[in-house]
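Here is a short note to read beside the model. Please keep the 3D view open as you go.

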Amino acid sequence: MASNKCIIVVIALSYSLIASLSDNVEGTSRSPGEIAPSAFRLEDFCFHTEFPSECVSTTRPLITGHINAFTILEAGLKALAERTQKVTAEVEKLRKKDRKSEKSKELAVCIAYYNIVLNSIKRAEAAIPPKDFGNLEYELDYQVSSIRNCETLVAGSEFGRSNTQMDDLNLSLSMVAKNNLGIGNNLMNPERP
């Protein structure tokens with residue numbers, strides 16, 4: 001009889017352990033911003049972005065405190081703002097070299113797009129604390145689109161076909177913006193890995 005009680009206790013403990021472990025498996029429901037227990041490392045979370053190594057290198061220096069989807073996105077937005085300001089300054093220098101050419105007009109349009117990105121970043125940052133996912137998604141997508149508009153303008157111009165510097169500058173922005181969009185999508189859709 002004592003051995004039957006031991007078996008029942010062992011079975012009950014085993015069942016309890018299995019149940020608690022099954023709560024932590026991939027695919028279980030998580031609330032927005034919550035990272036699966038296996039993904040508490042920045043590298044694991046960034047693995048699911050379009051440019052994982054860029055995600056890690058741009059966000060790590062800007063994250064203070066606990067790492068979660070919200071802090072990673074906040075760091076990504078800050079990184080995009082800093083990079084957009086630097087790119088805007090570089091493009092302004094290029095524009096000043098030849099103010100009367102068609103190139104100067106195209107660069108002015110790109111600068112306007114970069115300013116749109118900077119304003120959109122502020123709105124996205126403001127949407128994070130209240131978890132306004134509709135506006136957050138819109139702003140993250142708007143940032144990618146604005147950078148893409150500059151890329152398209154430059155690629156279709158005579159100046160753009162001969163200028164890899166603009167390609168490199170836009171690519172540096174595009175990678176961070178696309179990663180932020182991916183982070184935002186993971187934050188808004190926690191069922192995804």
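1. Start with a crossing: helix α6 passes helix α8 in a left-handed way. Left-handed means that the near helix is turned anticlockwise from the far one by less than a right angle. Helices here are DSSP runs (H or I, at least four residues), numbered from the N terminus.

2. α6 covers residues 133–155 and α8 covers residues 164–188. They pack at about 160°, with axes 9 Å apart. Axes are lines fitted to C-alpha atoms over the stretch in contact, and angles run from 0 to 180 degrees between N-to-C directions. The two helices are therefore roughly antiparallel (angle over 145 degrees).

3. A word on the source. The model is predicted: local features need pLDDT of at least 70, side-chain atom pairs count only at pLDDT 80 or more, and totals for chains, interfaces and linings use all residues. Residues are numbered from 1 along each chain as its sequence is written, and side-chain values use heavy atoms, without hydrogens and water.

4. Now the largest nonpolar core. It has 44 residues. A core is a set of buried (under 20% relative accessible area) Ala, Val, Leu, Ile, Met, Phe, Trp, Tyr and Cys residues joined through side-chain atoms within 4.5 Å. L80, V91, Y114, L136 and M166 have the most contacts inside this core. Helix α4 gives the largest share, twelve residues.

5. Look at L136. Beyond its neighbours within four places in sequence, L136 is in contact (heavy atoms within 4.5 Å) with L73, A124, A127, I128 and L187.

Terms used. Parallel < 35°, antiparallel > 145°, perpendicular 65-115°, else oblique. Buried < 20%, exposed > 50% of the residue type's maximum accessible area, 1.4 Å probe, protein only.
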